[in-house]
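Here is a short report on a protein model. Keep the sequence and the 3D view open as you read.

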Amino acid sequence: MRAIPFGAPIIGQEERDAVTEVLGGTQLVHGPRAKTFEHDFVEFAGGGHAVSVSSCTAGLHLAYFYRGIGPGDEVIVPAQTHVATAHAVEFTSATPVFVDAEARSGNIDLDLVEAAITPRTKAISVVHYLGLPVDMDRVNAVAGAHDLFVVEDCALAVGSRYKGVHAGLLGDVGSFSFYPVKHMTTAEGGMVLSRHPEIVARIERQRAFGVDRQLGERKMPGLYDVTMLGYNYRMNELQAALGVEQLKRVPGFLEKRAENYSVLADHLRGIDEVDVLASASEGPFQSSYYCLSAVLDDRTAQRRFDIINVMKSRSVGTSIYYPMPVPHLAYYREKYGYSTETYPVAARISNQSIALPVGPHLDGDDMEQIARTLKAAIKETSP
Ligand SMILES: *Cc1c(COP(=O)(O)O)cnc(C)c1O
């Protein structure tokens, strides 16, 4: 039986050559590759404007920074997400106001959003959880009614589309992640995508000290002015070179993910103790198939870590997306006084699910092995 890691970057000779070429030159930042990557990403998404950044988190921060969100403001944040979705709000000293997940998919429960809005609410963030797009018509309707800025956390959404429109182009601005276990990698890195050119143009300055001219735009070396506050959130040329090559592989990656997911979901259908979180494409919702989340029933979930350990001992890698609802993490619990009784749906997903890999580093036989191992682990750990 071969090892089945949860995630494994697929780096080929093309990536190696591209990175080596950058190292052989003199331009490690501010070069042509970041521009090419941004251009190619727009082409892949089918529209909009893009600017590369150092991580998805940096991109999310820039979205709020662009909008001038700060102390006293509130931002709606899904409870079931990576901590980065909320931290990006905290960076600005605004307050994240968490909304529980819907049980079916783990996406933000849009029935609960209206009740979380106050006169201080300035923005709403959504995460396309495990790659299944949120119902953005509903999000935009609420946002329109309350004049809210819409930020999409697209960390798991390379290839996610709603009504044919790529994630990141549905709200006001989206941020993608190229961290190694995501859909494609630049080691660390991210991309801000938006249908609004003026947002991307300003964020492009704000990710680089607020300088008014990029290196290539300066008539005289060293001659520039700073017209606004800005961070150092650029992507370098080594990362961008990786990104250009990785992006070429993404259509194939997405196909493989969809195929693996469907095979694995079929295999799991026979296991009574397991419910599969809805992350597959349906109707207007096109998924990017980040992983398959197997939700254990209440009784079986009590021995989840034993099950995970058995799977690990048989070389089947798993993960948990995400280990706690964000408001239950110590930082948020202590700062805002959340009890662990809150956000029950997000908590159930955190406490009872096992994330199973469907990445392009795996094939149909691996899916069969994952399902078989999960089934055996449930049986063997049974009291
Ligand atoms: C991974 C992840 C992030 C963080 O991405 P980085 O590129 O590491 O900053 C943010 N949000 C979600 C939903 C993620 O899964």
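## Ground rules

Buried means under 20% relative accessible area, exposed means over 50%, and partly exposed lies in between (1.4 Å probe, protein chains only). Cys154 is buried by this rule, because its relative accessible area is 0%.

This is a predicted model, in which local features need pLDDT of at least 70, side-chain atom pairs count only at pLDDT 80 or more, and totals for chains, interfaces and linings use all residues. Residues are numbered from 1 along each chain as its sequence is written, and side-chain values use heavy atoms, with hydrogens and water left out.

## Cysteines

A disulfide is a pair of cysteine sulfur atoms within 2.5 Å. The search of the whole structure finds zero disulfides. Cys154 is in none, and its nearest cysteine sulfur belongs to Cys56, 7.6 Å away. Cys291 is in no disulfide either. For Cys291, the nearest cysteine sulfur is that of Cys56, at 16 Å. Cys291 is buried, with a relative accessible area of 0%.

## The sheet

Helices (H or I, at least four residues) and strands (E, at least two) are DSSP runs, numbered from the N terminus. Two strands pair if DSSP finds at least two bridges between them. Seven strands make an open sheet here, in the order β1-β9-β8-β5-β4-β2-β3. The pairing is mixed. Which strands stand at the edges? They are β1 (49–53) and β3 (95–99). Each has a single partner strand, so one side of each lacks a neighbour in the sheet. From one strand to the next, the twist averages 25 degrees. (Axes are lines fitted to C-alpha atoms, for helices over the stretch in contact; angles run from 0 to 180 degrees between N-to-C directions.)

Now take one pair. Strand β5 (residues 149–153) and strand β8 (residues 173–177) run in the parallel sense, joined over three bridges. Glu152 has Gly174 in β8 as its bridge partner. Contact means heavy atoms within 4.5 Å. Helix α6 (residues 136–146) packs on the sheet and touches β4 (121–127) and β5. The direction of α6 makes about 150 degrees with that of β5. Helix α7 also packs on the sheet, touching β1, β5, β8 and β9 (190–194). The direction of α7 makes about 20 degrees with that of β1.

## Two buried residues

Is Val127 buried or exposed? Val127, found in strand β4, is buried, with a relative accessible area of 3%. Setting aside neighbours within four places in sequence, Val127 is in contact with Pro78, Gln80, Thr81, Asn107, Val134 and Asp153. Glu43 is 84 residues apart from Val127 along the chain, and their C-alpha atoms are separated by 22 Å.

Gln206 sits in helix α7 (residues 197–206). Gln206 is buried, with a relative accessible area of 2%. Not counting residues up to four places away in sequence, Gln206 touches Leu62, Phe65, Tyr66, Met228, Leu229, Gly230 and Tyr231.

In α12, the buried residues are Ala346, Ala347, Ile349, Ser350 and Gln352. Their cover includes β12, α9, α10 and β13.

## Backbone details

Phe209 has a positive phi of about 70 degrees although it is not a glycine. Phe209 lies in the loop between α7 and α8 (237–268) and counts as partly exposed, at 41% relative accessibility. Tyr343 is not a glycine either, yet has a positive phi of about 50 degrees. Tyr343 lies in the loop between α11 and α12 and counts as buried, at 14% relative accessibility.

Just after α10, Ser315 takes a positive phi of about 65 degrees. Tyr321 and Tyr322 are joined by a cis peptide bond, with omega about -5 degrees. Tyr322 is found in the loop between α10 and α11 (330–336).
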